[in-house]
Amino acid sequence: MTIDYYRGMLTQRTRIEAFRRAILATVRPGDRVLEIGPGLGTFAFFAADAGAKKVWAIEGDAVISVAKSVARVNHYGDRVEFLRGWYPGVEIPEPIDVLIFEDYPARLIDSPTYGMLKRLYADVVRPETRVVPQRARMFLAPVFSTEAWRVVGPLDAATDAAYGVDWFPSRSYAYNMPMHMPLRGEDLRHEPRVVADVRLDRVPDVAALAGDAVWEFAAETQLHGLAYWFDVEVGDDEWLSNAPGGDPCSWGHLYLPIPEVLTVSAGGRLEAAVAPEVAQDGSPSWLTWRVRTGDEEFRGHEFKSFPAQLSDVVSSSASWVPELHANAEVERRILSLADGRRTVDQIAAEIRGTADAEELGQARNLVLNTLAGRTKVKTRAATR
């Protein structure tokens, strides 16, 4: 992410002030606080303001260097320690009293988030650890959006032809893809329904994220699919919403499409359901959804949105026996050579002449790109 992204988040005043109130109410003097994904360090600084003895802020992005500068200028350096890396992989030296984590995807829990939380809660989060935010609710609402339908629907009023080509084979991929779409409040055609309610002071049960909803329509209504989002409880009964048309938050909402415009008759009933498939290890897999009225039913499945060959399917199987290709073998060799004794140029000289590293400059760039975000930085004391 670039700095304009992080500075743009500073303009989300409703969201930031809500988190500030929650952090000031949650963190107690002398607490040890961990934040995952601090960006510019906003919430870590709030925790220090609340009296935290120590705040560890883990950030894998290069923005951490800017956060350190902000901390230094504002005299947080003695209490807030920024650690470069991704969790797990960064050691937390002490048990924590408060966890701040709000870097959720629009569906709340995906596979990487689930894996990180599972490890985090096993390693450093204790039963008495307080968390911000502490709870989430998932919502569904029926949607009519010409902007969204422009991506999913036929390119022509009747067919999917344009420029002398029939594009119909691509449509099935589009209407099975959960889309990050900036829906408006007026795009919702009925009141939202809560489909899941989960606590965040533990690893959420993925099966608990599944839910269904029912709406009854007084007048005939056309629909293009569903809006799907979550609200979070940042403090006691203080909620932040991602609903279309509300104050912008960093999480956003999803548009779950259907293949054809759906008409609900006057007095008709619409049924909908959403669920992540659960992998063997308990983590969330593909997102699925269903929309039904009368005799019409549409089912969406995220897996169908990925154009994959047989080799792609095989390589995602747990029984696949992997073998590195030439470029990956070079990266593996670079990682083995990064032993804390060799310089970048020494490692580059070792791999020169291999894939994508014919010249020393190419080798040096390959070493730097491979090691980015994966190494400790040692500084030597200056000598006179």
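D237 is exposed, with a relative accessible area of 65%, in a model that is predicted rather than determined by experiment. The place of D237 is the loop between strand 12 and strand 13. Its phi is near 60°, a positive value in a residue other than glycine.

H75 also counts as exposed, because its relative accessibility is 61% and the cut-off for that class is over 50%. H75 lies in the loop between helix 4 and strand 3, just after helix 4. The phi of H75 is positive, about 65°, although H75 is not a glycine. Most residues other than glycine have a negative phi, and most peptide bonds are trans.

## Cis peptide bonds

The bond from Y87 to P88 is cis, with omega near 0°, and P88 is found in the loop between strand 3 and strand 4. The bond from V132 to P133 is cis as well, with omega near -5°; P133 lies in the loop between strand 5 and strand 6 (135–143).

## Overall architecture and confidence

The protein chain has 384 residues, of which 45% count as buried. It contains 11 helices and 17 strands, and its C-alpha trace spans about 85 × 55 × 40 Å along the principal axes. Among the contacts with a separation of 6 or more, 69% join residues 24 or more positions apart.

The mean pLDDT of the chain is 90, and 93% of its residues reach 70 or more. Over residues 379–384, by contrast, the pLDDT is below 50, and this stretch has zero contacts in the model beyond near neighbours in sequence.

## Helix 2

Helix 2 comprises the 14 residues 13–26, which at 1.5 Å a residue should span 20 Å; the C-alpha atoms at its ends are 20 Å apart, in agreement with that value. Its buried residues are R15, I16, A18, F19, A22, I23 and T26. These cover an arc of only 160° around the axis and are therefore on the same side of helix 2. An α-helix has 3.6 residues a turn, so residues three or four places apart point the same way.

The face of helix 2 turned away from the buried side carries the exposed residues R13 and A25. The cover over the buried residues of helix 2 includes helix 1 (3–9), helix 3, strand 4 (98–101), strand 5 (130–132), strand 12 (221–235) and strand 13 (238–240).

## Helix 4

In helix 4 (residues 64–73), the buried residues are I64, A67 and A71. Viewed down the axis of helix 4, they fall within an arc of 55°, so they line one face of the helix. The face turned away from this buried side carries the exposed residues R72 and V73. Among the elements that cover the buried residues of helix 4 are helix 3 (42–49), strand 2 (54–59) and strand 3 (80–84).

## The largest pocket

The largest pocket has a volume of about 810 Å³. It is lined by 35 residues, and the closest to its centre are Y5, G37, E59, E102 and D103. The elements that give two or more residues to this lining are helix 1, helix 2, strand 1 (32–36), helix 3, strand 2 and helix 5 (111–123).

How values were computed: Residues are numbered from 1 along each chain as its sequence is written. This is a predicted model: local features need pLDDT of at least 70, side-chain atom pairs count only at pLDDT 80 or more; totals for chains, interfaces and linings use all residues. Side-chain values use heavy atoms; hydrogens and water are left out. Buried means under 20% relative accessible area, exposed over 50%, partly exposed in between (1.4 Å probe, protein chains only). Helices (H or I, at least four residues) and strands (E, at least two) are DSSP runs, numbered from the N terminus. The arc is that of the directions from the helix axis to the C-beta atoms. Contact means heavy atoms within 4.5 Å. The expected span of a helix is 1.5 Å times one less than its number of residues. pLDDT is the predictor's confidence in each residue, from 0 to 100. On a 1 Å grid over the protein atoms alone, a cavity is a set of points where a 1.4 Å probe fits but cannot get out, and a pocket is an open set with protein on both sides within 12 Å along at least five of seven lines; lining residues have an atom within 4 Å of a point. Grid points are joined across faces, edges and corners, and a volume is the space filled by probe spheres set on the points.
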